Amino acid sequence: MKVVILGSGSYSGTPKPLCNCENCSRARINPTLRRTRFSLYFEKTLVDPSPDLHYHLERLNRKIERVLITHGHFDHVFGLPELQVFREVEFHSNGETLEVAKSLSRLAFGSESPEGYEWNYNELKFWEEAKVGKMRLVHFPVVHTVKAGGFVIWVGGKKIAITGDTGPEILRDEKVLKLMEGADLLIAEMTHRKAIPGSHLGVEEAIELAKKVGAGYTVFAHVSHSNYPHEVLEKRLREAKIEGEVARDFTWVEV
């Protein structure tokens, strides 16, 4: 099974307009260093329809049947109207996030789905196991600036853990760590150089999380333009002996 990190960046992307930091300046010269907003795809499933979704869909060119949303911040959901190329879509998230998704659809189309389409919104309760297509999943809560959660997904005989945006408090959440433990693939945020409590992980905290989860392979994403350069982050992983990589846009991972 292949998992595609469509967008590897955080809320502003890289380069951020009007920013001349090292990462933004380099990304303007070298397109491989650009980062669009976070989103990922596997098995006809999209996680987080970012504002860059049209760009992602152009290049992915694959069918989407279901959408999982970690939380309602604009960089994780504002690409939702771009899904109008698909007539039947199921959206799954916690209730608060689904209300954001429905509001966006009403703004874009005048209703919760385009006319003649079948878009269904399905609420996930935190910690309750759900069956979604061929997947089993658990939506678990994390500490962030709005109601937010990650996902642990069992599909095709594999276990995938996705943190979504989370503060460093996740490192002390034994219930969440136990749920993610031993995943075949962990997709963890690594937003900033230093952690921001109640908001995002820093580099050290993201690496510590990977060690605690002990996944077969870890991909770090949601990387801010203000973080260390890509090659420095990769060096930090090697020094920590982490089996994994720092995502670029359109990183393909075989699970």
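**Close-up views of a predicted model**

**View 1. Glu 254 is an exposed residue of this predicted model**. Its relative accessibility is 55%, so Glu 254 counts as exposed, the cut-off being over 50%. The side chain of Glu 254 meets that of Lys 2 in a salt bridge, with N and O 3.0 Å apart. This pair links distant parts of the chain: Glu 254 sits in strand β14 (residues 251-254) and Lys 2 in strand β1 (residues 2-7), 252 residues apart. Lys 2 is partly exposed, at 44% relative accessible area.

**View 2. Lys 178 and Glu 181 form another salt bridge**. Here the N to O distance is 3.3 Å. Lys 178 is exposed, with a relative accessible area of 59%, while Glu 181 is partly exposed at 39%. In the whole structure there are 13 salt bridges.

**View 3. Arg 66 lies in strand β4 (residues 66-68)**. With 11% relative accessibility, Arg 66 counts as buried. Its side chain makes a polar contact of 3.0 Å with the side chain of Glu 65, a residue that is partly exposed at 25%. Glu 65 also has a salt bridge with Lys 63, their closest N and O atoms being 3.7 Å apart. Look around Arg 66 and you will find contacts that include Glu 43, His 92 and Met 135.

**View 4. Here are cysteines without a disulfide**. A search of the whole structure finds zero disulfides. For Cys 19, the nearest cysteine sulfur is that of Cys 21, 3.6 Å away. Cys 24 also has the sulfur of Cys 21 as its nearest, at 3.5 Å. Cys 19 is buried at 14% relative accessibility, and Cys 24 is buried at 0%.

Conventions. Residues are numbered from 1 along each chain as its sequence is written. This is a predicted model: local features need pLDDT of at least 70, side-chain atom pairs count only at pLDDT 80 or more; totals for chains, interfaces and linings use all residues. Side-chain values use heavy atoms; hydrogens and water are left out. Helices (H or I, at least four residues) and strands (E, at least two) are DSSP runs, numbered from the N terminus. Buried means under 20% relative accessible area, exposed over 50%, partly exposed in between (1.4 Å probe, protein chains only). A polar contact is a pair of N or O atoms within 3.5 Å; within protein, one must be able to donate a hydrogen and the other to accept it, and residues adjacent in sequence count only if both atoms are side-chain atoms. Contact means heavy atoms within 4.5 Å. A disulfide is a pair of cysteine sulfur atoms within 2.5 Å. A salt bridge is a side-chain nitrogen of Lys or Arg within 4 Å of a carboxyl oxygen of Asp or Glu. Lists of a residue's contacts leave out its neighbours within four places in sequence.
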